Amino acid sequence: MRWGYQYNPYVLPSLIPLFFMVLLGIHCFRNRKVPGAAPFMVLIGLTILWIVANSFGLSATEDPARIFWFKFEKALVLPIAGAALCFVLAYAGLTRWLNRQVIGVLILVPLAFALLIFTNDIHQLVWRHILSDGIIRTEMGPAHWVAAVYGYALGLVQLAVLIWLFVRSPRHRWIAAGLILGLVLIRVAAYLNISGNNPFKPLNFMILASNLTFLLYALAFFRLNMFELVPIARNAVIDRMTEAMVVLDTQKYISDMNETAERLLNLSRKQAIGRQAESVLEAFPDMVSLIRDSETRQTELSFAGPYSRWYHISISPLSDRRALLLGYLIWIRDITEQKRVQEQLLDNQRTNAMLQERELLGRELHDGIGQILAAAQLQIASASELLSRGETEQAALYMRQLSGIVQEAKNAIRTYLAGVKALTPSENGFLETLRSHIERYSRNHNIRIEFDATPEVQEIPIDASVAAQIHTIVQEALTNVKRHANARLVNVLLKTRGNRLCIMIEDDGQGFDVSAAGKHDAFGLRSMGGRAASVGGCLEMTSIPGKGTRINVQVPLRKEMT
């Protein structure tokens, strides 16, 4: 049987939505990786088939063709409703409801209804009678009413989801409002068609409603950047994040927060959303200060609890492509482990510094006071031996020498303590502290010492650890001059060479043969060399018998330059 078709002026309004369908389909395909795009493309495809079926029905000239396309059009209604519900659930981030059972029902029920439609002549469960006199007239059967209830149930679920999105996410309210309006238009048009009150017969009122609905969709897609604002990943990603997130609108009202933020702040999302952030977070004054202060962007704080934990909190503005402010994002990250590692590193540094200081103290005692005490022990042993033989005069001589050794030990201890005091941080700075120590040493030991530092040294900051070793090296060098050099003049000069500090200590004393120096005579030199090496420096000494001694030390200005 041949079916005839001819142009019908009612076809043109029916085909207008195809223009919107094509644009939306292209846009969805470009964004096909965005969750929600796939069910929306299915929705578009089914809607295009429905519009085409309606157009063929309007332009058909024979009743069998009109009835066929009428049935085909009705068979697509439930699949379209199911695809629309899948899209709304996916867009709202409620994909957990789209499990196999739900999708199975959304597929099988429309298939069963379509099968009943095309076998209606046998059982007449969908329509008891179908008449056509240019306009299709039907008497509804029980299966049709069941399908209508099912379709409206899907619509109510879809409406509930969109209202939930409208209330829950202020950022998506305009989009949700547009989708709600389109849904209501479609359902009203469907009701008027079913009840026989369509004021636009023979034109399907749902076609007109579809025109307006897809115009709203186009506005949401192209004007409001619908897919760029999809809250899909919220349940799948954001709520599972270990970091807490709180979203504020431009007026600093709470728009959203994830589950981690709920647990951390002990707040309910339902109670917090829509309220002023300052009032909701009043139990956390540091966070409130961060929100109020437009200059401060981050801070660290510790929340009270059974276990002390530290958090890094930052706030950053959210803006769109046009740099229009949309709101603010508060990001709260647990840095307790990082803090613990930092504390452990500091403890290790303190321990290493203490061990190094003990080593240096042991070196001082061994090289200085240790030698003096060893000499005292020899004097005591010698005096005891002489007394046992009755040689009192000789023993008295050794005891007088012992008294001098003890006095030398006292002076050594006094000098060491004076040096330690000089190492104490002073508000006068490194150079003035060193100058004061040298002047005091010169007065106490009646040695002329000239101290000089170039202007570069006076302007460049020197690390405290480097300065401490310089103090001790100069102190050790001056002590050796007093003990061994018999010098009248000592020159101490500080200058820079690149990123290194050079210290020269030169005396006009008796000097000595470095190669012939005994083992015990090298203790002081090794002590000074070890101190220089501890901060990445080096030490050289030259001495000629009768012509004095020169010590050259080079150390980095900062220890990290080593």
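1. The protein has 20 helices and 12 strands. The model is predicted. Of the 562 residues in the protein, 41% are buried. Taking contacts between residues at least 6 apart in sequence, 61% join residues at least 24 apart.

2. Helix H3 covers residues 63-75, which is 13 residues. From the first C-alpha to the last, H3 reaches 18 Å, close to the 18 Å expected at 1.5 Å a residue.

3. Which residues of H3 are buried? They are Ala65, Arg66, Trp69, Phe70, Lys71, Glu73 and Ala75. The elements that cover the buried residues of H3 include the helices H2 (37-59), H4, H5 and H6 (120-123). Strands S1 (127-132) and S2 (136-140) are also among the covering elements.

4. Helix H4 (residues 77-91) packs with helix H5 (residues 100-118) at an angle of about 165 degrees, and their axes are 9 Å apart. An angle over 145 degrees counts as roughly antiparallel, so H4 is roughly antiparallel to H5. The crossing of H4 with H5 is right-handed.

5. On the H4 side of the contact with H5 are Leu78, Pro79, Gly82, Leu85 and Cys86. They meet Leu106, Val109, Pro110 and Phe113 in H5. By class, the residues of the contact of H4 with H5 are eight nonpolar, one polar and no charged.

6. H4 also packs with helix H7 (residues 142-168), here at an angle of about 20 degrees and with the axes 10 Å apart. Angles under 35 degrees count as roughly parallel, so H4 is roughly parallel to H7. H4 passes H7 in a left-handed crossing.

7. Which residues of H4 meet H7? They are Leu78, Ala81, Gly82, Ala84, Leu85, Val88, Leu89 and Tyr91. Their partners in H7 are Ala147, Tyr150, Gly151, Leu154, Val157, Gln158, Val161, Leu162 and Leu165. The contact of H4 with H7 holds 14 nonpolar residues, three polar and no charged.

8. The two contacts of H4 can be read together. Leu78, Gly82 and Leu85 of H4 meet residues of H5, and Leu78, Gly82 and Leu85 also meet residues of H7.

Terms used. Residues numbered from 1 in each chain as written. Predicted model: local features only at pLDDT ≥ 70, side-chain atom pairs only at ≥ 80, totals over all residues. Heavy atoms only, no water. Axes fitted to C-alpha atoms, helices over the stretch in contact; angles between N-to-C directions. Helix = DSSP H or I, 4+ residues; strand = E, 2+ residues; numbered from the N terminus. Parallel < 35°, antiparallel > 145°, perpendicular 65-115°, else oblique. Left-handed = near helix turned anticlockwise from the far one by under 90°. Contact = heavy atoms within 4.5 Å. Nonpolar A, V, L, I, M, F, W, Y, C, P; charged D, E, K, R; others polar. Expected span 1.5 Å × (residues − 1). Buried < 20%, exposed > 50% of the residue type's maximum accessible area, 1.4 Å probe, protein only.
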